[in-house]
Amino acid sequence: MVERKWSEVNQRVGYPIQAAMVQLENGGILSMDDEVTKYCVSYCLLPVVTEGLRINVDMWNAHKIEGKLYIFRQVI
């Protein structure tokens with residue numbers, strides 16, 4: 001279960017940010033060789049990642065859990 005959740009987190013949060021970073025580097029817009037640039041990028045991305053994780057947690061907490069109670073409600 002945990003492994004599936006980490007995969008989902010990576011797909012929704014990690015991979016899109018990584019793809020954007022690779023695109024910026026490949027386009028010559030950003031160079032991660034400089035330590036100051038690394039710090040600034042991590043400082044700016046931290047709120048983005050935090051918000052993505054918060055949204056993911058909220059979505060997880062809002063999903064329906066199927067089980068006996070759910071099936072029982074369906075029958076009645």
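This is a dialogue on how to read a few features of a predicted model.

Trainee: Before looking at details, where in the protein is confidence lowest, and where is it highest?

Mentor: The model is predicted, and the mean pLDDT of the protein is 84, with 80% of its residues reaching 70 or more. Confidence is highest in helix 2, at a mean of 92, and lowest in helix 3 (residues 68–75), at 53.

Trainee: How many aromatic pairs are there, and how should I read one?

Mentor: A pair of aromatic rings is described by the distance of the centres and the angle of the planes. In this structure the count comes to 1 aromatic pair. The ring centres of Tyr 39 and Tyr 43 are 6.1 Å apart and their planes stand at 25 degrees, so the pair is stacked, given that planes under 30 degrees apart count as stacked. Tyr 39 and Tyr 43 are separated by about one helical turn, because they are 4 residues apart in helix 2 (residues 35–62).

Trainee: Are Tyr 39 and Tyr 43 buried or exposed?

Mentor: Tyr 39 is exposed, and Tyr 43 is exposed as well.

Trainee: How many salt bridges does a search of the whole structure find?

Mentor: Side chains of opposite charge can pair when their charged atoms come close. The search finds 4 salt bridges in the whole structure. One of them joins Glu 8 to Arg 12, with the closest N and O atoms 3.3 Å apart, and because these residues are 4 apart in helix 1, about one helical turn separates them. Another joins Arg 54 to Glu 51 at 2.6 Å, N to O; both lie in helix 2, 3 residues apart, which is about one turn of the helix. Through shared partners, salt bridges join Glu 51, Arg 54 and Asp 58 into one network.

Trainee: Which residues does Asn 56 contact, leaving aside neighbours within four places in sequence?

Mentor: Asn 56 is found in helix 2, and its relative accessible area is 3%, so Asn 56 is buried, since buried means under 20%. Leaving those neighbours aside, Asn 56 is in contact with Lys 5, Glu 8, Val 9, Arg 12 and Val 13.

Trainee: What does Val 9 touch, again not counting residues up to four places away in sequence?

Mentor: Val 9 lies in helix 1 (residues 2–26) and, at 12% relative accessibility, counts as buried. Val 9 touches Gly 14, Leu 53 and Asn 56. Sequence and space can also be set side by side here: Val 9 and Gly 52 are 43 residues apart in sequence and 8.6 Å apart in space, C-alpha to C-alpha.

Note on methods: Residues numbered from 1 in each chain as written. Heavy atoms only, no water. Phe/Tyr/Trp six-rings, centres within 6.5 Å; stacked < 30°, edge-to-face > 60°. Helix = DSSP H or I, 4+ residues; strand = E, 2+ residues; numbered from the N terminus. Buried < 20%, exposed > 50% of the residue type's maximum accessible area, 1.4 Å probe, protein only. Contact = heavy atoms within 4.5 Å. pLDDT = per-residue confidence, 0-100. Salt bridge = Lys/Arg side-chain N within 4 Å of Asp/Glu carboxyl O.
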